[in-house]
Amino acid sequence: MSTVRSSSFQPILVVENLWKRFPGVVAVKGASIKIFEGEIVGLVGENGAGKSTLLKCITGVIRKDSGKIFWFGRSVDFRSPSEALKNGIMYVPQDIVLVKNLSIMDNIFLGMEGRGLFSLKEVRSELDIAKQLLNELGIDIDPRIRGEKVGTAIAQITLIARALHFKAKLIALDEPTSALGPIEVERLLDIMVKLKSRGISMIFVSHKIEEVVRVADRIYVMRDGEIVAEFDRSRFDLNEIIKAMIAREIKEFFPKEKVPIGETVLEVRNLSDLYGMVKNASFYVRRGEILGIYGIVGSGRTEMALTLIGYRPKKEGEIYVKGVRVNIEKPLDAFRYGIAYLPEDWKLALVYLLSIRENIALPIIQSIKRTDIGLVSPIDTSSEKDLALKFIDSLRIVPRDPNRKAMYLSGGNRQKVAIAKLLAAKADVLILDEPTHGIDVGTKVEIRKLMVDFAREGKAIILISSELPEIINMSDRILVMREGRIVAEFTREQAKEEDIIRAAILKGS
Ligand SMILES: Nc1ncnc2c1ncn2[C@@H]1O[C@H](COP(=O)(O)OP(=O)(O)OP(=O)(O)O)[C@@H](O)[C@H]1O
Ligand SMILES: [Mg+2]
């Protein structure tokens with residue numbers, strides 16, 4: 001997969017000394033990179049390192065402050081993503097959204113000049129082209145389906161189809177795999193290799209370094225706005241790359257500790273939801289225990305958690321908190337009984353217009369507001385600030401500014417604020433749905449440490465994760481879900497990777 005380059009070979013993209021400032025942060029500090037034809041270039045770095053900002057400056061999503069960008073030798077500065085696309089550069093964003101009201105097909109052709117009034121014949125041929133593009137990318141889906149009906153994986157492929165249609169020569173993929181299940185990840189990596197063989201270049205941003213190492217020809221490491229290291233495929237070394245990313249060494253990726261396990265805090269009996277996505281689930285979790293829940297995407301893990309906390313309608317089932325049967329009809333009920341849930345999609349957990357400080361304090365304020373006397377206690381901003389700073393430091397939230405609005409944070413830092421918000425809520429049961437998704441390696445370890453700290457404090461933790469090593473190494477007990485049911489249970493001692501995978505995917509096992 002390595003590229004052989006002669007010295008006369010010219011890069012298609014050259015970025016020289018690019019700077020980008022936001023109020024209060026310098027996001028990119030003099031970054032220089034080069035990309036050759038048909039090359040997959042990895043771009044890795046901690047949350048907030050400036051990866052997305054760099055890609056956005058190159059692809060016309062935002063404007064750089066200074067520096068030079070050469071595209072096929074010509075100095076360019078695209079004013080919009082569509083201008084970049086017309087020149088052959090496509091950005092596939094981290095929080096992907098298709099235009100909801102348009103079909104997949106329209107999303108592919110969006111912005112084509114001369115498109116508008118069609119004859120039936122033209123519509124037919126567009127449909128054929130769209131079908132063919134999607135087929136080339138290995139998916140068989142009706143291009144007339146509306147954008148809002150498809151998940152992240154299809155949305156991404158739609159954008160890649162769009163890039164192909166516009167004959168893009170460079171596709172910048174910003175964390176394309178973070179919301180995908182293992183099978184979808186494989187499909188995407190295959191697509192990338194295929195595009196490369198056609199001479200298309202890609203920049204691949206991901207926190208899953210193993211994936212980057214698998215497909216990239218070269219890797220740039222970004223830290224604190226600067227490109228600090230470059231590795232050629234022949235020199236790829238996971239530990240070295242991580243060291244360059246975080247400027248320190250990680251000794252233990254899974255800082256699990258045995259803590260005493262106490263009484264049962266939460267017990268669920270025969271829980272089913274109204275839509276048949278959760279079937280007869282029974283389980284319990286005890287103080288000090290981390291209960292892992294594994295299953296492939298669509299196995300009903302998230303649905304079970306959402307039904308439990310009253311976010312989705314329940315058909316039947318009983319819930320006991322500390323031995324007492326409780327009636328949970330809405331998430332606030334769950335919260336009052338000491339059950340806190342961190343959604344898989346952290347976008348749901350944050351109020352974008354509020355600051356880090358306000359977001360973290362929000363659940364606590366809500367609980368104050370809901371006192372029986374109905375008083376809203378005055379908000380103590382200085383203790384809120386201390387609280388926020390505590391989490392900013394323990395989770396390494398960047399920038400270290402409690403007053404920064406959530407909307408101005410990088411993707412991973414938003415996730416950290418969502419976690420801080422949950423942790424601040426002082427619940428007895430924490431349900432963490434994919435808590436380390438889209439989070440850099442160093443911070444993953446911090447979050448896992450926090451889980452252990454909370455277990456030590458006597459909280460019960462339910463860890464829903466698609467990352468099997470995380471489930472195996474962090475859990476005291478593991479439940480496996482398949483098609484809405486809990487199909488297997490393993491203790492920490494019994495847990496073997498093959499057995500868990502088999503239970504998660506095999507029918508009739
Ligand atoms: N629109 C904005 N306004 C203000 N600050 C911003 C804005 N976008 C990004 N930043 C800041 O710039 C820095 C770099 O952010 P960027 O999104 O590029 O990081 P990243 O490397 O992509 O991180 P992640 O892995 O978490 O996605 C961060 O400190 C972020 O808070
Ligand atoms: Mg980013």
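I started at ligand 1: a backbone N or O atom of Gly 48 sits 2.8 Å from one of the ligand's oxygen atoms. The model is predicted, so I noted that local features need pLDDT of at least 70 and side-chain atom pairs pLDDT 80 or more, while totals for chains, interfaces and linings use all residues. I also noted that residues count from 1 along each chain as its sequence is written, ligands are numbered from 1 in the order written, and side-chain values use heavy atoms, without hydrogens and water.

Next, the rest of the ligand site. Ser 410 brings a polar side-chain atom to 2.8 Å from an oxygen atom of ligand 1. For Gly 412, a backbone N or O atom lies 2.7 Å from a ligand oxygen atom. Taken alone, ligand 1 exposes 640 Å² (Shrake-Rupley method, 1.4 Å probe), and the protein buries 91% of that. I found 21 residues around ligand 1 (a heavy atom within 4 Å); Lys 51 and Thr 53 are among the closest.

Then I looked up the domains. An automatic or database assignment gives domain 1 (13–246), domain 2 (260–338 + 429–435 + 455–509) and domain 3 (345–426). The area buried between them (accessible area lost on being put together, 1.4 Å probe, summed over both) is about 620 Å², with 44% from carbon and sulfur atoms.

Conventions. Buried area is the accessible area (1.4 Å probe) that two parts lose on being put together, summed over both. A polar contact is a pair of N or O atoms within 3.5 Å; within protein, one must be able to donate a hydrogen and the other to accept it, and residues adjacent in sequence count only if both atoms are side-chain atoms.
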